[in-house]
Amino acid sequence: MPQGETFYRAASQVLFISQIYGLLPVSNIRSPDVRNIKFRWLSPRAIYSAIILILNFCEFAAVIRYISVVGINFHTSSSLALYVVCLLEHVFFWRLAINWRSIMKHWYQVEQLFLSIPYRFYDEYNMKRRINIVVGLIMSSALVEHCLLLGNSFNLSNLERTQCKINSSYLEIIYKWERPHLYHVLPYNIWMMPFVEFINETIAYPRSFTDCFLMIIGIGLAARFHQLHRRIAAVHKKVMPAIFWTEVRQHYLALKRLVRLLDGAIAPLVLLAFGNNMSFICFQLFNSFKNIGVDAIVMIAFWYSLIFAVIRTTMTIFVTASINDYELKIITALRDVPSKAWTTEVQRFSEQLGNDMTALSGNGFFYLTRQLVLAMGTTIITYELMISDVINQATIRQRTVYC
């Protein structure tokens, strides 16, 4: 690994792009020196992010007003939940930005252990490439999803305009269809449409990016646990001096402290992201009873959105669970230490590995390990069986007549 390729440098470009949407407003995020990172309340990035957050809160207020007029139901409550989740994600990224400098400095100090010999011989993980591939794949898929949903809205609004013979422009009908909560508050103006669409992007972007961010953190931590495992695997069944195991154990404890620091910092984002993903998947499964075999555009947009949510959630679990996977590999490697080489240090190392969970968590409610996939899958299947038993599919159909 090149001496300068730390997590901070590997993730800086991706995090810089997220600042366009008002997330993680720290200054000098692309600086070569981690000590140059700063969070200032009156910096241009913080002010820009605050303006986006205020505009999002204003639209959220318009949603509350609209729901108070039309009434709350299963579908309007989902829209309300989406805005609540996205606003909380913005707030939590602000909270993280305040502590980002100290987190990155601590991470950088720990990484110096793994940027020197002998760990430099054990790096085949290629952290930066993995980060770029994961983020590129997820965010490009999210862009396709967004375009499909927009196409679906264009199609449905055009049907309403044609069937109802509405004497309004095409873009105005789309605006009314997409933003009914703004239509009566902010009258249609063609020059305002790009601005409204950008605000929509700042609301939609955090939903997918939060999962990407968790995967970025997971990749950065897993890269170091991978190196630690490779160093131990390199002395498989060899008799090593006690000082070797002392050093390895100290390096493991340094990584352990780093995981705890990050877990405390991003736990609210983990809880919010997985709660939102589960609720969205369940909501889409409920909608599947009225979206099967009706309209081609609706079907494509619906199933793509559902499948993408499932794949994105599963990827997030597997990538972040790799931290725990490497710890389990280290435990397995320790079992092969010859009896004549089993020292007090090896015993202490083994006990520390076996007595505590090393994984990111959602505020301690759950841990990001492979077992979580099974737990979430069981919950989703149970939910699907329950609603399929109580809902009569023949009475639920997609709306096709608008007048």
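User: Before we look at pairs, what is a salt bridge?

Analyst: Happy to start there! In this predicted model, the term covers a side-chain nitrogen of Lys or Arg and a carboxyl oxygen of Asp or Glu. The two atoms must lie within 4 Å.

User: How far apart are N and O in the salt bridge of arginine 231 and glutamate 247?

Analyst: Arginine 231 belongs to helix 7 and glutamate 247 to helix 8, so their pairing ties together parts 16 residues apart in sequence. The cut-off for a salt bridge is 4 Å. For this pair, the N to O distance is 2.5 Å.

User: Is arginine 231 buried or exposed?

Analyst: A residue is called buried under 20% relative accessible area. Arginine 231 has 7% relative accessibility, so the label is buried.

User: Which residue meets lysine 256 in a salt bridge, and where does that partner lie?

Analyst: Lysine 256 sits in helix 8, and the pair links distant parts of the chain, 100 residues apart. The N to O distance is 3.3 Å. The partner lies in the loop between helix 10 and helix 11, and the residue is aspartate 356.

User: Nice! Is leucine 42 buried or exposed?

Analyst: Leucine 42 is found in the loop between helix 1 and helix 2. Together with Trp41, Ile47, Ile51 and Ile98, Leu42 makes a nonpolar surface patch of about 560 Å². Over 50% relative accessible area counts as exposed. Leucine 42 has 75%, so the answer is exposed.

Methods
Residues numbered from 1 in each chain as written. Predicted model: local features only at pLDDT ≥ 70, side-chain atom pairs only at ≥ 80, totals over all residues. Heavy atoms only, no water. Patch = residues over 30% accessible without salt bridge, like charges linked within 9 Å, V, L, I, M, F, W, Y side chains within 5 Å. Areas by Shrake-Rupley, 256 points an atom, 1.4 Å probe, with all protein chains shown as cover. Helix = DSSP H or I, 4+ residues; strand = E, 2+ residues; numbered from the N terminus. Buried < 20%, exposed > 50% of the residue type's maximum accessible area, 1.4 Å probe, protein only.
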